[in-house]
Protein chains: 2
Amino acid sequence: MIDLDRRSVVLAGGSAVAAAALGVPVRAQTPVRKVGYAIVGLGGYGLGVIIPQFKNCQHSRLVALVSGDAAKARRVAAEYGVPDRSLYNYQNYDSIRDNPDIDVVYVCLPVAMHAEYTIRAAKAGKHVLCEKPMAVSAAECESMIAACKQAGKKLMIGYRCHFEENNLEAIRCARAGDIGKLRYFRSEHGFVAGNPNSWRLKKAMSGGGSLMDIGIYALQAARYMTGEEPISVYATERTDRNDPRFREVEDMIEFELEFPSGVLASCMSMYSANQNHILLMGEKGRIELEPGTSYAGNRLWVGKGRENEVRPPPGPGATQWAGQLDHMAQCVLTGREPIVPGEEGLRDLRIIEAIYQSARERRRVVLRT
Amino acid sequence: MIDLDRRSVVLAGGSAVAAAALGVPVRAQTPVRKVGYAIVGLGGYGLGVIIPQFKNCQHSRLVALVSGDAAKARRVAAEYGVPDRSLYNYQNYDSIRDNPDIDVVYVCLPVAMHAEYTIRAAKAGKHVLCEKPMAVSAAECESMIAACKQAGKKLMIGYRCHFEENNLEAIRCARAGDIGKLRYFRSEHGFVAGNPNSWRLKKAMSGGGSLMDIGIYALQAARYMTGEEPISVYATERTDRNDPRFREVEDMIEFELEFPSGVLASCMSMYSANQNHILLMGEKGRIELEPGTSYAGNRLWVGKGRENEVRPPPGPGATQWAGQLDHMAQCVLTGREPIVPGEEGLRDLRIIEAIYQSARERRRVVLRT
């Protein structure tokens, strides 16, 4: 495997000779093309989490930035070796079409902006990796899928846990029958939302509260751990509307999913306490993760209780994000479809809409199959 | 504290002199009257669990047995020093009224027999300790309460966890605000029902499936951990009716309770996998028990996760059952009301009926307050 340093590649315009001159080891015969990413949105996730991950990638490199803050963009560009010509703002964003370095646009914006910036990227002829939740509505998801399809471009959703080794091993154990027939799933995900002015707490930007943020991890886990699609939902919301953080979006929401096999899933998300837990119960035992979907330090137990901690084999990438970025890169390079395409994001949004409807109407909502 | 050996006291008819002659230490000045119990039902719980506990009691002694199996009753009587004159069957049960040794009747029968044998005991002038669930319906509970009230006798339900040190410490921590404002509770309780011919699996005897058995621990815990009464329930049942064990009663049932403070409780019981877990989440941390309601080996954690295991102070008795038996004995001796009276059992049955109704009608059921 070539372990090119990302920055040297960018500086050298991908020249293996220049990279070698910088002392970076190169397998000379097969200069692998790294797929070029434009990061849209230099917020906490795009800047703080994603951009530092390119150094762990084998097939992906950072080539462009899109930000409303020109000074910040220049600062980040200097640090990560992105050329000035590849800095964009939200006005000239569509001109990414003229930048051949950019293969994939990674949309790391507030949720309400996902649809617009995905569709504009597709129209500019770029593949899209879009953060989760995919959009604020299923209708938006459908537009995004249609736009990428029409442009002949791939669309992947940033479900990093599909590349996280503990979750992958948990799924493998569930499918292998390690805990017998599956019966029950539960997951709680929560963190303490601090700043009342955060975009997460503005409904116009986020589309919703904890469910549209940390809650989607519980929903996703219910689906990937069981391998099934829910047939109905029932949800209850609990929010202190006098809390300045929760004037617009929900704090706590509990939702139950019924699956065709008979498995029940009970999930909860909240913005007022920390929790990160996944439990899958079968007739012969259980698979438990706690934390289950953290950036680091996830732990996995398989057995009757917590007596048997499992150390999973390495995931597909050096980190869950490297695995995710390189998966999309390989899809671009080989023509394969991403394992978590737009349709996966759409499925979540359809369920999320039903969850909100159930909580609003205080009744069970049947999902269209 | 006097630590009389139960058997010697029974053999000697309660005579301190006779007991002393047998080498048992006696505090001569204050010969404490031990409250006499008749155990009704020599099944797994009455014979296997309760009867051996009198040796751990300070205020309770075994004085009579009621069983449909005369040979078994004689065998048990011989082992535990119960005199022949204090052996009864279900036909001559009412003649317990003529036995002054019997203060309390402990009903350890299948659930469908609780009401009859409680009411007959009250009519015979005896106090009653009745196993949980109290009866197969709230209406039966009301009749039992009325009968005991009319007879001027105490009625207590066998909620042993109210005398279990880990649960007591968990409740204390919750009330003391150790985890801040309470938000969310959950509990799963299950075991593997084996014998399809067990009375537990016959609806006419049990009144229901896992909810009417192991599930009541989850329901109870939701109530005593929050200290609140639920205002609504929503429930979903999942049972393989082709499984010979589950022709008549439910296997898995999940139920959500909404509490007035805003706390949500998500509970599940099942007869097809082992599970014994209680979790109370507050804004500042959580209180967790696993196992939470076992006969032995319960564990308690209080904090952010499981980093801080708590060793609780001793409970009121040498064991949870001794604490329970002696509490009823002290109520009899002092005239106090039991902390878990018939009304407590009635509350559970009203909720259980609403849970079954919700599962049947697939809708949220509001509880009368």
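**Close-up views of a two-chain model**

View 1. Lying across rests on contact, meaning heavy atoms within 4.5 Å. Axes are lines fitted to C-alpha atoms, for helices over the stretch in contact, with angles from 0 to 180 degrees between N-to-C directions. Helices (H or I, at least four residues) and strands (E, at least two) are DSSP runs, numbered from the N terminus. This is a predicted model, in which local features need pLDDT of at least 70 and side-chain atom pairs count only at pLDDT 80 or more, while totals for chains, interfaces and linings use all residues. Residues are numbered from 1 along each chain as its sequence is written, chains are lettered from A and ligands numbered from 1 in the order in which they are written, and side-chain values use heavy atoms, with hydrogens and water left out.

**View 2. The open sheet of chain A has nine strands.** Follow the order S14-S13-S12-S11-S7-S10-S9-S8-S15, with mixed pairing; two strands pair if DSSP finds at least two bridges between them. At the edges are strand S14 (309–310) and strand S15 (365–366) of chain A, each pairing on one side only. Inside the sheet, strand S8 (residues 232–238) and strand S9 (residues 252–258) of chain A are antiparallel partners over seven bridges. Look for A:Ala235, whose bridge partner in S9(A) is A:Phe255. Helix H11 (residues 342–361) of chain A lies across S8, S9 and S15 of chain A, at about 60° to S8(A).

View 3. The peptide bond from A:Glu290 to A:Pro291 is cis, with omega near -10°, and A:Pro291 sits in the loop between S12 and strand S13 (300–303) of chain A. In chain B, the bond from B:Glu290 to B:Pro291 is also cis, with omega near -10°. A:Arg362, in the loop between H11 and S15 of chain A, has a positive phi of about 55° although it is not a glycine. For background, most residues other than glycine have a negative phi, and most peptide bonds are trans.

**View 4. Chain B meets chain A.** The contact takes 29 residues from chain B and 30 residues from chain A. Together the chains bury about 3000 Å², 46% of it on carbon and sulfur atoms; buried area is the accessible area (1.4 Å probe) that two parts lose on being put together, summed over both. Between chain B and chain A there are ten salt bridges, each a side-chain nitrogen of Lys or Arg within 4 Å of a carboxyl oxygen of Asp or Glu. One of them joins the side chains of B:Arg183 and A:Asp251 (2.8 Å, N to O).

**View 5. A salt bridge between A:Glu258 and B:Arg238.** The closest N and O atoms of this pair are 2.4 Å apart. A:Glu258 lies in strand S9 of chain A and B:Arg238 in strand S8 of chain B, so the pair joins two chains.

**View 6. Strand pairing in chain B.** S7(B) and S11(B) pair in the antiparallel sense over nine bridges. Here B:His189 has B:Asn276 in S11(B) as its bridge partner.
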